[in-house]
Amino acid sequence: MKTNEIIAAVLIIIPFVIYMIIPLYNFDAPELLGFPFFYWFQTVMLVVCAILFGIAAYLIDIDEVSA
């Protein structure tokens, strides 16, 4: 396994681990613009996951092009 593939795998695993730790984000307070913490945490994680998955896809694509 190449280094880029290992880094891509770690980047993909990070959001799954965060979502499995439910007590980390299972709160009503604090609120942001009237939304409980749970909802805005989920919204922020959508953006974070998209960025991490995009970086992982880029790393995997680099391996395919250079091979």
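## Overall shape

The radius of gyration is taken here over C-alpha atoms, and the globule rule is 2.2 Å times the number of residues to the power 0.38. For a compact globule of 67 residues, that radius would be near 11 Å. This protein has 16 Å. The model is a predicted one.

The C-alpha atoms fill a box of roughly 50 × 20 × 10 Å along the principal axes. The protein has two helices and zero strands. Helix H1 covers 3–20, and helix H2 covers 37–66. A loop lies between H1 and H2.

## Surface and contacts

How much of the protein is buried? Of its 67 residues, 19% count as buried. The accessible surface comes to about 5000 Å². Carbon and sulfur atoms hold 76% of that surface.

Sequence separation is also worth a look. Take the contacts between residues at least 6 apart in sequence. Of these, 54% join residues at least 24 apart.

## Helix H1 and its buried residues

H1 has 18 residues. From its first C-alpha to its last, H1 reaches 26 Å, close to the 26 Å expected at 1.5 Å a residue. Ala-8, Leu-11 and Pro-15 are buried in H1. An α-helix has 3.6 residues a turn, so residues three or four places apart point the same way.

Leu-11 belongs to helix H1. Its relative accessible area is 14%. Buried means under 20%, so Leu-11 counts as buried. Which residues does Leu-11 touch, leaving aside its neighbours within four places in sequence? They are Leu-52, Phe-53, Ile-55, Ala-56 and Leu-59. Another pairing involves Ile-51: Leu-11 and Ile-51 are 40 residues apart in sequence, yet 9.5 Å apart in space, C-alpha to C-alpha.

## A nonpolar patch

Eight names make up one nonpolar patch on the surface: Ile-12, Ile-13, Phe-16, Val-17, Met-20, Ile-21, Leu-24 and Phe-53. Together they have about 750 Å² of accessible area. Which helix gives the most to the patch? H1 does, with five residues.

Phe-16 is one of the patch residues. Phe-16 sits in helix H1. Its relative accessible area is 48%, and Phe-16 is partly exposed. Phe-53, also in the patch, is among the contacts of Leu-11.

## A position in helix H2

Val-48 is found in helix H2. Is Val-48 buried or partly exposed? At 31% relative accessibility, Val-48 counts as partly exposed. Buried needs a value under 20% and exposed a value over 50%, so 31% falls in between.

## The loop between the helices

Most residues other than glycine have a negative phi, and most peptide bonds are trans. Where is the cis peptide bond? The bond from Ala-29 to Pro-30 is cis, with omega near 0°. Pro-30 is in the loop between H1 and H2.

Leu-33 is in the loop between H1 and H2 as well. Leu-33 is not a glycine, but has a positive phi of about 55°. Is Leu-33 buried or exposed? Its relative accessibility is 80%, and exposed means over 50%, so Leu-33 counts as exposed.

How values were computed. Residues are numbered from 1 along each chain as its sequence is written. This is a predicted model: local features need pLDDT of at least 70, side-chain atom pairs count only at pLDDT 80 or more; totals for chains, interfaces and linings use all residues. Side-chain values use heavy atoms; hydrogens and water are left out. Helices (H or I, at least four residues) and strands (E, at least two) are DSSP runs, numbered from the N terminus. Buried means under 20% relative accessible area, exposed over 50%, partly exposed in between (1.4 Å probe, protein chains only). Patches are made of residues with over 30% relative accessible area and no salt bridge: like charges are joined within 9 Å, nonpolar side chains (Val, Leu, Ile, Met, Phe, Trp, Tyr) within 5 Å. Accessible areas come from the Shrake-Rupley method with a 1.4 Å probe; for residues, only the protein chains shown count as cover. A salt bridge is a side-chain nitrogen of Lys or Arg within 4 Å of a carboxyl oxygen of Asp or Glu. Contact means heavy atoms within 4.5 Å. The expected span of a helix is 1.5 Å times one less than its number of residues.
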